[in-house]
Amino acid sequence: MATEPVAAEPAVPSLVDRYFTRWYKADVKGKPCEDHCILQHSNRICVITLAGSHPVLQSGKTIKSISYQISTNCSRLQNKVSGKFKRGAQFLTELAPLCKIYCSDGEEYTISSCVRGRLMEVNENILHEPSILQEKPSTEGYIAVVLPKFEESKSITEGLLTQKQYEEVVVKRVNATTATS
């Protein structure tokens, strides 16, 4: 008795794919391959994460620690937001550092905001369990949540790359490294 081939279930998009638009910033602060991903919700909230090609997410890297202490006087953990108008939130520019990631091989990476706006929250879970930053970078391993000013919410994507543009940048990088080796 022959069995009918079962039609494959269509892949259900993830929560991130369904509700967020992915934007990318390649080579942040001129550092090659240090790419960040900005997940923008329709309500203009932006979740800052690492892009898939970031060195921290590449195989062989082990995160030793993560610090939200930017300088002696500035810690992103001191950010206290309250009320409808988000009083007390730290204001960030595009290049404002959010955290520093220290790897066991001695490498240190500074993660920038990439978006102007108010810092709503930082992910304290990655301080206690840094491995989730590598295992689930777009979900539980996010770095911070930023709320752009309402009047700037349309213009924040200027200077950022779409998914397709970012994939083209990564392909060019791969082609450039294979051509030189």
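At 28% relative accessibility, Cys 33 counts as partly exposed, a class lying between buried (under 20% relative accessible area) and exposed (over 50%), computed with a 1.4 Å probe on protein chains only.

Before I continue, a word on the source: this is a predicted model, in which local features need pLDDT of at least 70, side-chain atom pairs count only at pLDDT 80 or more, and totals for chains, interfaces and linings use all residues. Residues are numbered from 1 along each chain as its sequence is written, and side-chain values use heavy atoms, with hydrogens and water left out.

Cys 33 is located in the loop between E1 and E2; strands (E, at least two residues) are DSSP runs, numbered from the N terminus. Although Cys 33 is not a glycine, its phi is positive, at about 70 degrees. Most residues other than glycine have a negative phi.

Lys 29 also deserves attention. Lys 29 sits in the loop between strand E1 (20-25) and strand E2 (36-41), and has a positive phi of about 55 degrees without being a glycine. With a relative accessible area of 45%, Lys 29 is partly exposed.

I turn now to His 54. Is His 54 buried or exposed? His 54 is buried, because its relative accessible area is 0%. The loop between strand E3 (46-50) and strand E4 (63-67) holds His 54. Which residues does His 54 contact, leaving aside its neighbours within four places in sequence? They are Cys 33, Glu 34, Asp 35, His 36, Tyr 109 and Ile 111, where contact means heavy atoms within 4.5 Å.

Note on methods:
Helices (H or I, at least four residues) and strands (E, at least two) are DSSP runs, numbered from the N terminus.
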